[in-house]
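Visitor: I would like to learn how to read a model like this one. Where do we begin?

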Amino acid sequence: MDRAAAAVIEVLGRDGQVRRCHRVQAWPLAIGRSPDCELVLDDSHLAGAHARLALDEQGQPQLSLLDSLNGGWLGKRRLVAGETLALAPGAQFQLGATLLRLRRAGDPLAPEQPLRQLPAVHHHWALLPALLLGWLFLLWFDQWSALNPDAPWIDYAGAVLGPLGLLLAWAALWALVNQLFQHRFPFVTHLWRALLGVAGLHVLSFVLPLLAYAFSARWLLVADALLFPAGLVALLWWHAVLVWPRARRVLGLSLAGMLIGALGLMVAKRQDQQYWFGPPYLAALPPPMMRLASPKPPEALIESLRPLEAELARQAGRDSDQPAAAEGEE
């Protein structure tokens, strides 16, 4: 074939990526489902011979629609049977439900993109076991602080091995999704990301309440309540961009919208309460030696409660009037 007439027809997916590439061996060529066609497509919305590609007298490609039910599209233009039109360089056209693109030897090529490599997790082989052991120690410490000192070791097994199994299953599931979409199985990469995110959130759940107690900074409990769902959403995004690296912005906006919606529902649910985020008090207090804030006298507590005195008196009076009103009705 003349070099100027060399061309390929690319079958595109919904994301615009090339799924299959067919080299044009000779002009003209027919496109359809019939084995007689030069380009056979597995599309039930195509006729046996659906379209024909040929070169005009000037060597420019032309697309002719043959007898078919569904016709085709060129951009937003509807193509019907019997219609013939010229194709611009790199033009995309749809036949039935299949999106195609014609590329010729003289058409300009997009610049070569750098190869996107997976993160060099092998550099962290020494850190991965250490981080895993550190997280397991945190799980053990949680269980130890909740059990009696003489509790048997079997009571620790579920609290430590259960989350470990869930973490491994989580990383394996994301690796399977990678295998489905990108034909690779980066289990260690997903395990590293999941472990880093879970261990980081676990450390924050220890540190923030401790600092809130030490410095009498209740707003740190609010930060803890907000950082946990935000951290989970960030972890989801970190996994998802490894599967769909071209959709970073869309994934980020979608997950951020979900987070804002969830926080809005939480606020709406707590409208009748005195707090929106975080616990109303510390359920467990650290040792007094960790208290760094200056102590306040009992008089300061009594003075801070005075604004509630009038409201409590009004509520008590209303409660005492209700039985009298009920007796009057009888």
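Guide: Begin with a helix check. The expected span of a helix is 1.5 Å times one less than its number of residues. Keep in mind that this model is predicted.

Visitor: What span should helix H1 have, and how far apart are its end C-alpha atoms?

Guide: H1 covers residues 127-146, which is 20 residues, so it should span 28 Å. Its end C-alpha atoms are 29 Å apart, which agrees.

Visitor: Which residues of H1 are buried?

Guide: First the general idea. An α-helix has 3.6 residues a turn, so residues three or four places apart point the same way. In H1, the buried residues are Leu128, Trp135, Leu136, Leu138 and Leu139. They cover an arc of only 145° around the axis, which puts them on the same side of H1. Their cover includes helix H2 (154-182) and helix H3 (187-215).

Visitor: Now charges. How many salt bridges are there?

Guide: Side chains of opposite charge can pair when their charged atoms come close. Here the count is three. One joins Glu10 and Arg101, at 2.7 Å from N to O. That pair links distant parts of the chain, strand S1 and strand S11, 91 residues apart. Glu10 also meets Arg103, at 2.6 Å. Glu83 bridges to Arg77, with the closest N and O atoms 2.5 Å apart. Shared partners join Glu10, Arg101 and Arg103 into one network.

Visitor: Is Glu10 buried or exposed?

Guide: Buried means under 20% relative accessible area. Glu10 has 5%, so it is buried. Arg103, at 28%, counts as partly exposed.

Methods. Residues are numbered from 1 along each chain as its sequence is written. This is a predicted model: local features need pLDDT of at least 70, side-chain atom pairs count only at pLDDT 80 or more; totals for chains, interfaces and linings use all residues. Side-chain values use heavy atoms; hydrogens and water are left out. Helices (H or I, at least four residues) and strands (E, at least two) are DSSP runs, numbered from the N terminus. Buried means under 20% relative accessible area, exposed over 50%, partly exposed in between (1.4 Å probe, protein chains only). The arc is that of the directions from the helix axis to the C-beta atoms. Contact means heavy atoms within 4.5 Å. A salt bridge is a side-chain nitrogen of Lys or Arg within 4 Å of a carboxyl oxygen of Asp or Glu.
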